[in-house]
Amino acid sequence: MSRSGMHSKCKWPLPVLLVLFAHVCSGFYLPGSYMHTYSTGDKILAKVNSLTSIETELPFSYYSLPYCQPQGGIKKSAENLGELLMGDQIDNSPYRFQMNVNETVYLCTTAPLSDHQVKLLKQRTRDLYQVNMILDNLPALRYSKQNNVNIQWTGFPVGYTPPGSKEDYIINHLKFRVLVHEYEGSGVEIIGTGEEGFGIIAEADKKKASGFEIVKFEVVPCSVKHDPDKMSKHQMYNQIDSVTCPVELEKSQIIREHERVSFTYDVEFVKSDIRWPSRWDAYLQMEGAKVHWFSILNSLMVIFFLAGIVFVIFLRTVRRDLTRYEELDKEAQAQMNEELSGWKLVVGDVFREPECAKLLCVMIGDGVQITGMAVVTIVFAAFGFMSPASRGMLLTGMIILYLFLGIVAGYVGVRLWRTLKGTSEGWRSVSWSVACFFPGIVFVILTVLNFLLWGSNSTSAIPIYLYFILFTLWFCISVPLTLLGGFLGTRAEAIQYPVRTNQIPREIPARKYPSWLLVLGAGTLPFGTLFIELFFILSSIWLGRFYYVFGFLLIVLLLLIIVCAEVSVVLTYMHLCVEDWRWWWKAFYASGSVALYVFLYSINYLIFDLQSLSGPVSAMLYLGYSLIMATAIMLSTGTIGFVTSFYFVHYLFSSVKID
């Protein structure tokens, strides 16, 4: 579609007038790709992405197998940071179509397969590798029936092994079905907020925009035994007789040494009523909506239960005790202190500096950074700005947000350091640690995994040049911004404690059971909020499914924040009531311990839901990424719990009169 602006009278509300700016009606889309219309006979080029498998989770290049190559040579498509990190490698392909022209086409015939090529094809077939083809930014869809249930897949298999057979057969004929919608470009039209976002087409662009839009791309894979001598007489893209997918194995193309494989395809164009904004609906069909709502209702029940406990603590226990305490004169207060036990007795120790204060400041700073990144990303995704049409956009957006939120992380970490120490001395060390703590953990894990991926020649291995890009982004954007935030933190006013700290620490009474058991148990409540949505997220990552229910995810995230805050407040109060004034780390891990359950659930998912995952490299890859996810969740949820508990304790003891 043309983007050239033409003058026209547009009577629209103010927001649209601002977009059109001085009556210039330019067609645009945010954030996906632009709508592309084709005239009859126009060439349409298909692309291929990396070969993927849910058995190994190790993507490989399409041209690592003996497939036909395009006439002009292999050309890689421009890839963003997210695509590179996810292992996508999008190349051009020899498959090309002509709009509304149904044809059966010959591509090429391979040389006799070598022993290495046969072993590779058999291995990729046995590991259930899928070929991922893209046409006009739409992945190829395949339908199959299992137990009388229609199942939708993206991509098609490299080959197949018939049940009870030791032989493997290659997919060498593809039957494409391209659904097109005729678009006539009538006037200025709001195209809606589908995967391509908000769009406007000018009336003056009517002629240029008219044509056919591709709204669906389907494929039926076949294995056909061609006569290589006869087929090799054809030139690439010569039309041949129609090909029927055989049922008999004798008529299918076996994978065997010295075999010559001929590749062909046919394409059929079908008119459809599906419109452009709805063309991704087939990919983003939300399954299990009732399960998502059940997860939310379950979380609400937990929230109301905890809210009831917090309500009792605030309105009955705390308020009653404070009222009684403040009504007494000094002599009676002294006598009452001798008789009372609980949180009022730790008034001189509750703000005593915790152990490993610097580490706590660093983890809180990183937790704020991760939480901010997650909230902003999910909000943008929920409003449709993280389109699946823009591959890698979600991961790229998360990285950019994380880099620029370094200024907030540095500010929070250093301000907490000033509050704990009473001085700004050492703020540079704290800022550097905030900038390097979580990224350093991620870097170490990714480096170990990368050596495994390099050894497997997988496309998901991070190239050396990408390491330099990541290091440049880290040290040229994140670190300076974190140091700037730390500097601003030294200029901000330190949080003043409402009570003085005694010189001699108060002895903590012995307990019947260790406090860490209570801390670990507290993590089950936030996990109960998260685990159902976690299943869908893991399925999206490891089973190749699209995840696009970000509205549900946003609700779950908000509920998780509330649960973490409530759990941490309740647990902190319980510790103070037994005269345990070392609440700092316990408040952090009360909600942060949910990460332990997330990691254990990831192991459970690996054992019971990814049973097909094969090989130690795949398992190490899965566990490494799960460890990164669990660490991020620990820092984020721990920070939420700590910050809430800090202000709860501050409020609680600011209400106590100290002589």
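How many cavities of 30 Å³ or more does a search of the whole structure find? Point 1 has the reply, and the other points are what I noted along the way.

Before that, the ground rules. This is a predicted model, where local features need pLDDT of at least 70 and side-chain atom pairs count only at pLDDT 80 or more, while totals for chains, interfaces and linings use all residues. Residues are numbered from 1 along each chain as its sequence is written, and side-chain values use heavy atoms, with hydrogens and water left out.

1. **Cavity.** The search turns up one cavity of 30 Å³ or more. Points are joined across faces, edges and corners, and the volume is the space filled by probe spheres set on the points. The lining residues (an atom within 4 Å of a point) include Tyr 62, Tyr 67, Tyr 95, Phe 156 and Phe 263. Val 131, Ile 171, Asn 172 and Leu 174 are also in the lining.

2. **Aromatic pairs.** There are 41 of them in the structure. The rule is that rings of Phe, Tyr and Trp (its six-membered ring) pair if their centres lie within 6.5 Å; planes under 30 degrees apart count as stacked, over 60 as edge-to-face, and the rest as tilted. Take Phe 97 and Phe 176: the ring centres are 5.2 Å apart and the planes stand at 55°, so this pair is tilted. It links distant parts of the chain, with Phe 97 in strand 5 (residues 91–98) and Phe 176 in strand 15 (residues 173–183), 79 residues apart. Strands (E, at least two residues) and helices (H or I, at least four) are DSSP runs, numbered from the N terminus.

3. **Buried or exposed?** Both Phe 97 and Phe 176 are buried. The cut-offs are under 20% relative accessible area for buried, over 50% for exposed, and partly exposed in between (1.4 Å probe, protein chains only). Phe 380 and Phe 385 make another pair, with ring centres 5.8 Å apart and planes at 65°, so that one is edge-to-face. Phe 380 is partly exposed at 41%, and Phe 385 is partly exposed at 40%.

4. **An aromatic cluster.** Phe 97 and Phe 176 also belong to one aromatic cluster together with Tyr 95, Phe 217 and Tyr 265. Tyr 95 turns up again in the lining of the largest cavity.

5. **Charges over rings.** Two arginines to look at here. Arg 279 lies over the face of Trp 276, at 4.0 Å from the ring centre. The charged end of Arg 352 sits over the ring of Trp 581, 5.6 Å from its centre. To count, NZ of Lys or CZ of Arg must be within 6 Å of the ring centre and within 35 degrees of the ring normal.

6. Strand 10 (residues 141–146) and strand 11 (residues 149–154) pair in the antiparallel sense over six bridges; pairing needs at least two DSSP bridges between the strands. Ser 144 stands opposite Ile 151. Two residues lie between the strands, and Asn 147 takes a positive phi near 55°.

7. **Salt bridges.** The structure holds 16, each a side-chain nitrogen of Lys or Arg within 4 Å of a carboxyl oxygen of Asp or Glu. Lys 76 and Asp 91 form one, with the closest N and O atoms 3.8 Å apart. Lys 76 lies in the loop between strand 4 (43–48) and helix 2 (81–86) and Asp 91 in strand 5, so the bridge ties together parts that are 15 residues apart in sequence. Lys 76 is exposed at 56%, whereas Asp 91 is buried at 1%.

8. **Within a helix, and across the chain.** Lys 119 and Asp 115 meet at 3.4 Å, N to O, about one helical turn apart in helix 3 (residues 115–126). Lys 271 and Glu 182 meet at 3.6 Å. That pair links strand 19 (residues 262–271) to strand 15, 89 residues apart. Lys 271 is exposed at 58%, and Glu 182 is partly exposed at 41%.

How values were computed: On a 1 Å grid over the protein atoms alone, a cavity is a set of points where a 1.4 Å probe fits but cannot get out, and a pocket is an open set with protein on both sides within 12 Å along at least five of seven lines; lining residues have an atom within 4 Å of a point.
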